[in-house]
Amino acid sequence: MSKYNFVHLHNHTDYSLLDGMMQVKKMVKFAKESNMNAVAITDHGNLYGAMEFYKECTKKKEKESDLAPIKPIIGCEFYITNDRFDKTVRNSNHLLLLAKSEVGYKNLLKLSSYGYTEGFYYNPRIDKKLLEKYNEGLICLSACIAGEIPRFVLEGKQPEAEKLALYYQSLFGKDSFFLEIQIHGMKEEAIVAKNLVAMSKKLQIPVVATNDCHYLKKGDAEAQ
């Protein structure tokens, strides 16, 4: 059986506290059994599960019945706000970052740490000043409809959405920023997807399709 070309890049395990319910071992096992060649971990604001995830993905086959290793993609869905030191504004947007190198992984650690030590207000928050300092080795996705670009789209602020997309493309590079499209049956997602596809063509920014995975199988929906 050939490997799947589609790779899940947006996954919340039970380390996304009070949000995700996938256990790391079960998620990786399911990805391997599904013959996927890679899978990502992108918990909210933290990298608590990163080492367990990496070890599970890269575990070597010791006997024929063991599952083969797959590529681990370590990332994080960050909460981003205008000023991480401002403890009067609760609202924050989502932004997905994936490490493409050891430098990128270390920058994820720094961003997550600063989110807790400097930016914590209801959630561990970062801001663009931190991104401008710790963006090397990272791939950026515009996130779900809770991302700032999708929110601009839903508010009818297309110029602001395009300006922000160009900012992120400039910050991360043309090969490392993607407009993220998700379809889970929500009308807001359909509006955002249509606009992001048009924006992609206009601004020459590539799109990537993801699922906002919080549980492993359809039957887990009620429990989640």
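This is a predicted model: local features need pLDDT of at least 70, side-chain atom pairs count only at pLDDT 80 or more; totals for chains, interfaces and linings use all residues.
**Exercise 1.** Asp66 and Lys63 form a salt bridge. Classify Asp66 and Lys63 by accessibility.

*Solution.* Step 1: the closest N and O atoms of this pair lie 3.4 Å apart, and the cut-off for a salt bridge is 4 Å. Step 2: Asp66 is partly exposed because its relative accessibility is 22%. Step 3: Lys63 has a relative accessible area of 53%, so Lys63 is exposed.

**Exercise 2.** Describe the salt bridge between Lys202 and Glu162, and state which helices it links.

*Solution.* Step 1: the closest N and O atoms of Lys202 and Glu162 are 3.1 Å apart. Step 2: Lys202 belongs to helix α7 (residues 187-203) and Glu162 to helix α6 (residues 158-172). The two residues are 40 residues apart, and the pair links distant parts of the chain. Step 3: Lys202 counts as exposed because its relative accessibility is 57%. Glu162, at 15%, counts as buried.

**Exercise 3.** Locate Leu154 and list its contacts beyond four places in sequence.

*Solution.* Step 1: Leu154 is in helix α5 (residues 148-154). Step 2: its relative accessible area is 35%, so Leu154 is partly exposed. Step 3: with neighbours within four places left aside, Leu154 contacts Ile145, Glu188, Ile191 and Val192. Step 4: take Val192 as one of these contacts. Leu154 and Val192 are 38 residues apart in sequence, while their C-alpha atoms are 6.8 Å apart in space.

**Exercise 4.** Which residues form a nonpolar patch on the surface, and where does Leu18 lie?

*Solution.* Step 1: the patch consists of Leu17, Leu18, Tyr48, Tyr116 and Phe120. Together they have about 600 Å² of accessible area. Step 2: Leu18 is found in the segment before α1 (24-33). Step 3: Leu18 is exposed because its relative accessible area is 93%. This value also meets the requirement for patch residues of over 30% relative accessible area.

Notes: Residues are numbered from 1 along each chain as its sequence is written. Side-chain values use heavy atoms; hydrogens and water are left out. Patches are made of residues with over 30% relative accessible area and no salt bridge: like charges are joined within 9 Å, nonpolar side chains (Val, Leu, Ile, Met, Phe, Trp, Tyr) within 5 Å. Accessible areas come from the Shrake-Rupley method with a 1.4 Å probe; for residues, only the protein chains shown count as cover. A salt bridge is a side-chain nitrogen of Lys or Arg within 4 Å of a carboxyl oxygen of Asp or Glu. Helices (H or I, at least four residues) and strands (E, at least two) are DSSP runs, numbered from the N terminus. Buried means under 20% relative accessible area, exposed over 50%, partly exposed in between (1.4 Å probe, protein chains only). Contact means heavy atoms within 4.5 Å.
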